[in-house]
Amino acid sequence: MSQKVRVRFAPSPTGPLHIGGVRTALYNYLFARQHGGDLIFRIEDTDSQRLVPGAEDYIIEAFDWLGIKFDEGVSFGGEHGPYRQSERRDIYRKYVNQLLDNGRAYIAFDTPEELDAKRNEVENFQYDASTRLGMRNSLSLGGEETQRLLDAGTPYTVRFKIEPGEDVHVDDIIRGDVVINSSILDDKVLYKSADDLPTYHLANIVDDHLMEVTHVIRGEEWLPSAPLHVLLYRAFGWQDTMPRFAHLPLLLKPTGNGKLSKRDGDKFGFPVFPLLWNDPKSGTTSMGYREQGYLPQAVLNFLALLGWNPGDGKEILTLEEMVEKFDLTKCSKAGAKFDFVKGWWFNREYLLALPTAEVAPMVVDMLREQNIEATAEQAAAIWDMMKTKNIEYTDAQSQQTKKRNISFVSDLWPLCDFFFIAPQTFNREDKFVRKNWTENSAEEMRALRDILAALPAFDAETQRAAVDAWVAEKGCKPWNAWRVCLVGQGKGPDMHELAAFLGREETLRRMDYAIAQLG
RNA sequence: GGUCCCUUCGUCUAUCGGUUAGGACGAGAGAUUUUCAUUCUCUAAAGAGGGGUUCGAUUCCCCUAGGGACUACCA
């Protein structure tokens, strides 16, 4: 009797995909893969008012970039379509009528204005068993009047008739048995005639049933309405095939109270969307993980561990390992503060583990942004020399400089600019220059210069052999002064490798220039 | 306000009645180093509070406090 696992990720195309949504999708993906099941991509566009052009394409592109693959759904095809709710009107209408026919729902004519007025008039007004008879609906108006209004084309909604006084149980995989009394539930609007579309609640239940969804894995914000959904399954007589629920903890602000929002990203300088987003309404643009230089696997890995932990101490996990180890029952119940600094660490781990050949094109792009044209070979050479090096990372919030590793390719630039830009001036006050350019330095550099000039070849090893011999004989330590010449500061890779990259001509030129400047 | 969910180092978390409460990020210190780094070693850092249950509670129950979500003709 084991049914094939089928789960879905069903975003509403009202804007760019939030990072929390990405995590929800990821958990669905991991769960589906682990059980050899299907992952469905459904578009929940039942709110025509809030639809944002481009949002759907954005979401699809985001998952494509992230490497989360769907088995069926919008743009993926499948046997259970259409997968866009706005294209399923006929289906919903049929099921709304079923509920109407068996008395589980009723027609309501109250206008939004009337409802507003009621809410202003009565504190904590709730449209339910205790108040519905005082409202304008088929229950209070009677069949004749209802039909008359319908015939007159009066806009209406269909409301779910909730029977009060029953404890409704939701069996949640993460939270266990959650009980809510039906009396605190209101008669939810299931369908609105104005746009001939159902609301989320109805569409969600009908689609999950028809698409044979076995597990509903979604954000915790849905937990309060889960009992309503249970009641809906029952009203349709679908309780035997009702999916299992798992309500995921939310992603919270890095500091302070509340859930993670776009503002937090702006405040701390991290993206909350997978891809760059230009909002057609406000005209504002929001940064994306892709554009900021995050690697998709790093983003996935980071997100996966915000709310779930395999418990074996291993944190760097491939998608395959995550699929293997994922366990809904090991998901935490409490919301997770969004630790974007750890996100940097994940990216660094993945970036540094990447083969040089894959990083080189990124370095070329990064250099191009600095108006420097470099070949892939040069970029690869720089990466190999520099990838273990550091930068001074400016913390956007505290304005304090902190030591950071290379988490992003863009971090590389301030560390490697000297490969392309020769020192123009030398700051004698600089700690490194002051310490390492002594009175003997000019003379030493002249000697080193002559040795280098006379070398038969200029590769690092040839240099090293000659210079080591000279150093051994003279008993001097020329490297830091040499670094002053070529770099101007206390940073950069091994001097011989650096000189080899620059080439003999440029190396000697920089040395001559420094000797002339510093004396 | 009401309903529901939640509560271990600063952060993400491990522990499924008996542990010196472990790991990771971040922080600090030291060592190494031809610079900046890397690397290595070490350190500080937690069971919200109060009641129970039990031989024994971080773990089970209750209360309080705190946090979160929901409370639309939005999802």
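This is a short tour of a predicted model, chain by chain element.

Local features need pLDDT of at least 70, side-chain atom pairs count only at pLDDT 80 or more, and totals for chains, interfaces and linings use all residues. Residues are numbered from 1 along each chain as its sequence is written, and chains are lettered from A in the order in which they are written.

**Select chain A.** Chain A holds 21 helices and 17 strands. These are DSSP runs, numbered from the N terminus: helices are H or I with at least four residues, strands are E with at least two. Along the principal axes, the C-alpha atoms fill a box of roughly 110 × 50 × 35 Å. The radius of gyration of chain A is 32 Å, whereas a compact globule of 519 residues would have one near 24 Å. That radius is taken over C-alpha atoms, and the globule rule is 2.2 Å times the number of residues to the power 0.38.

Of the 519 residues, 37% count as buried. Buried needs 20 or more other C-beta atoms within 10 Å of a residue's own, exposed 12 or fewer, and partly exposed lies in between, with C-beta atoms placed from the backbone.

**Go to 356–369.** This is helix H13, with 14 residues. From first C-alpha to last it reaches 20 Å, close to the 20 Å expected at 1.5 Å a residue; the expected span is 1.5 Å times one less than the number of residues. Show Val 359, Ala 360, Val 363, Val 364, Met 366 and Leu 367: they are the buried residues of H13. They cover an arc of only 165° around the axis, so they sit on the same side of H13. The arc is that of the directions from the helix axis to the C-beta atoms.

Now turn to the face away from that buried side. Glu 358, Arg 368 and Glu 369 are exposed there. Just after H13, stop at Asn 371, which has a positive phi of about 65°.

**Finish at Val 230.** Find Val 230 in helix H8, residues 226–236. Is Val 230 buried or exposed? Val 230 is buried, because 21 other C-beta atoms lie within 10 Å. Leaving out residues up to four places away in sequence, Val 230 touches Val 168, Val 170 and Met 242. Contact means C-beta atoms, placed from the backbone, within 7 Å.

Note on methods. Contact = placed C-beta atoms within 7 Å.
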